Amino acid sequence: MENESLPILLITANVGSVFEDPSNLLHLWIKEFLDHIAARQPAFIALHLQEVGGKTYEKSMEYVQEFIKQLCESDELQGYNRIRVYLDEDYNSAEHFTALGNLYFVRSTVSHVLMWNFLTHEWDSVEGKSIHTGSIETVATKEKAKFPQQFFPECKWSRKGFLRTRWFLNGTVFDLVNIHLFHDASNLEACEEYPSVYCKSRRRALVHTLERFHKDTVNRPVPYFVFGDFNFRCDTEGVIKKLTEDLTMHRVQNTKNDSTKVQYRDATGTNVLTVGKKEFFHCDQSTFKEGWLRLFDRELESLRSILYEFPITFPPSYPYEEDPFQPVSYMATRCPAWCDRILVSPAARKLVWEHGLDEDKPGGDGAGPSANTSTVSYGIIGANVCMGDHKVSYNE
């Protein structure tokens, strides 16, 4: 930085389903990720992972270790001589376990790199490779927290929280925050009203986290980039109204498991849309990749003054089929949504401007200065390859 732009690549990926089927999906995921790196060769890479190891971490640990090994020893990353890895693997600790993973790769061309020590409140030098796994509670160069239990919908404890690091790159200081917010447990409850009970829980946890940073008088607030699986969902009530304007609703009672689902049929009696607790089936999936759905992506509306996002021009990142032969098809379980996001504090957005990135060019919103030729790119990795149920989002 120091009056020169430094190419930085921010990536977020929910890899839970990849570790559920590692023999089929892991090599595809790694190849797409490394191909992206090779094509761009940024000076600094921040990879934020959620649900590392999948639902049963104890069964996936060997795959997680092999995953890290393959990345760190890959030809594409040989030019990155400083590596920091933080993997929250202490799955026996319900109070602390988040299944988050933060991986950072710094190219040899970056002259001055430091990391903040949250224990001593001083900068530590960054040399060589350090991989922190297992229980990382005492690792001082990160801050990690699980959300308070009362924040969880129905107070059901799950692996949700944040993992923060602070960086000094060639004179510029910023935080990188990995976050995983709550999902929608039931489509039927989600479509009762907007904002839904799940949306309110996500907002509460996100605001709680950002306020924590803002009020941190010991470490002091700095510009931050927060990227992870926000589990943001579209206004499901509004989406259903849009999809069913000329359809007739029919309730279907399943006596076997006492569950109700709703079907919307056209004039010929053909079922067009089915909504159940964990079912969201539409006869034409291509409709979810059209521009109209962005109008219902509303969870950031109330936070626009404190979180900026570069314009989204890619299709919803979730939920894709976990099948290598159906890489562009959505699962019929949830309304497709942009769960995987990269958000920027106002101070961090100013940093982007100061270092010459041009928002007037493709990928920008025209709101910033346009002095240099660099551009901001916001998209997904593996658009046509199975990356699990989430596509990988990036910002560079």
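Q: How many bridges join β12 to strand β13, and in which sense do they run?
A: Seven bridges join β12 to β13 (residues 259–265), and the two run antiparallel. This is a predicted model: local features need pLDDT of at least 70, side-chain atom pairs count only at pLDDT 80 or more, and totals for chains, interfaces and linings use all residues. Residues are numbered from 1 along each chain as its sequence is written, and side-chain values use heavy atoms, with hydrogens and water left out.

Q: What counts as a strand, and as a pair?
A: Strands (E, at least two residues) and helices (H or I, at least four) are DSSP runs, numbered from the N terminus. Two strands pair if DSSP finds at least two bridges between them.

Q: Which residue stands opposite Met249 in β13?
A: Tyr264 stands there.

Q: What order do the strands of that sheet take?
A: The order is β12-β13-β14-β15, an open sheet of four strands with antiparallel pairing. Its edge strands are β12 (248–254) and β15 (279–282), each pairing on one side only. From one strand to the next, the twist averages 20°.

Q: Which strands does α6 touch there?
A: α6 packs on the sheet and touches β13, β14 (271–276) and β15. Its direction makes about 30° with that of β15. Such angles run from 0 to 180 degrees between N-to-C directions, with axes fitted to C-alpha atoms, for helices over the stretch in contact.

Q: Now the seven-strand sheet. What order there?
A: That open sheet runs β7-β3-β4-β2-β1-β20-β19, with mixed pairing. β7 (129–132) and β19 (378–381) are the edge strands.

Q: Which strands does α3 lie across?
A: Helix α3 (residues 57–72) lies across β2, β3, β4 and β7, at about 165° to β3.

Q: Switching topic: where is Arg233 found?
A: Arg233 is in the loop between β11 (224–229) and α6 (236–243).

Q: Buried or exposed?
A: Arg233 is buried, meaning under 20% relative accessible area with a 1.4 Å probe, protein chains only.

Q: Then what is Arg233 in contact with?
A: Leaving aside neighbours within four places in sequence, its contacts (heavy atoms within 4.5 Å) include His183, Asp184, Arg202 and Glu299.

Terms used:
Buried < 20%, exposed > 50% of the residue type's maximum accessible area, 1.4 Å probe, protein only. Lys, Arg positive; Asp, Glu negative; His and termini not counted. Salt bridge = Lys/Arg side-chain N within 4 Å of Asp/Glu carboxyl O.
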